[in-house]
Amino acid sequence: MRVKLGLAACAVVALAAASGMTWERAEAAKAPVAGKVTFYKGKVLRASSEKGPWKRLKRNRKFFRGDYIKTGDGSRVELKFTDRSIVRLGAKTTLELHEAFFAKKGGAKKVSGVVKAGRAWANVNKFVGGKNAFDLRSDNAVAGVRGTIFSLDRTSNGGTKVAVFNGAVAVDN
């Protein structure tokens, strides 16, 4: 059984190498597309792990479930998810995108991310009931929404500030 799994893994790597696929593309192929960048200013980076390697993220580039996205000093980025929800990251922000799942035609949707540092603003497309969920977290708070506009800010003293501009947000620790 182990031999068969090992051979299968070798075959996938060989096919990727033969087709000219980079390691980054092969890695992205196994995770579903979460969305794409619609705007950026300054230095915006993406990696599939917190340790990197970090690659520049520019307009119309895709991002994936499991990605880490960070902005530099004076930088910002707008991420448009496949369901048309938008998350904007301010300067010096790091987002770990845990989940980004969008079923076809009225199926379940789930987006979950951790704001490790900085500020995130979200305009969430309708997530109504059932197994649908959209939440952004920090070390000490979770902001869960159902079709609303809000921001989550990690303060310099380790706190979390949540502001609601439209709709309702449930905040829990």
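Strands E10 (residues 119–123) and E13 (residues 149–154) run antiparallel and are joined by five bridges. Within this pairing, alanine 120 has leucine 152 of E13 as its bridge partner. Strands here are DSSP runs of type E of at least two residues, numbered from the N terminus. Two strands count as paired if DSSP finds at least two bridges between them. The model is predicted: local features need pLDDT of at least 70, side-chain atom pairs count only at pLDDT 80 or more, and totals for chains, interfaces and linings use all residues. Residues are numbered from 1 along each chain as its sequence is written, and side-chain values use heavy atoms, with hydrogens and water left out.

E10 and E13 belong to an open sheet of seven strands. The order is E4-E1-E6-E7-E10-E13-E14, and the pairing is antiparallel. Strand E4 (62–64) and strand E14 (160–166) form the edges, each pairing on one side only. On average, neighbouring strands of this sheet are turned by 25° against each other, direction ignored. For this angle, axes are lines fitted to C-alpha atoms, and angles run from 0 to 180 degrees between N-to-C directions.

The structure holds six salt bridges. A salt bridge is a side-chain nitrogen of Lys or Arg within 4 Å of a carboxyl oxygen of Asp or Glu. One of the six salt bridges joins arginine 46 to aspartate 67, with the closest N and O atoms 2.6 Å apart. This pair links distant parts of the chain, 21 residues apart. Arginine 46 lies in strand E2 (residues 44–47), and aspartate 67 lies in the loop between E4 and strand E5 (68–71). Both arginine 46 and aspartate 67 are buried. Buried means under 20% relative accessible area, exposed over 50%, and partly exposed in between, with a 1.4 Å probe and protein chains only.

Lysine 116 forms a salt bridge with glutamate 96. Their closest N and O atoms are 3.2 Å apart. This pair also links distant parts of the chain: lysine 116 is in strand E9 (residues 109–117), glutamate 96 is in strand E8 (residues 94–102), and the two are 20 residues apart. Lysine 116 counts as partly exposed because its relative accessibility is 34%. Glutamate 96 has 15% relative accessibility and therefore counts as buried.

A salt bridge is also formed between aspartate 135 and arginine 137, with the closest N and O atoms 3.2 Å apart. Aspartate 135 has a relative accessible area of 9%, so this residue is buried. Arginine 137, at 32% relative accessibility, counts as partly exposed.

How values were computed. Helices (H or I, at least four residues) and strands (E, at least two) are DSSP runs, numbered from the N terminus.
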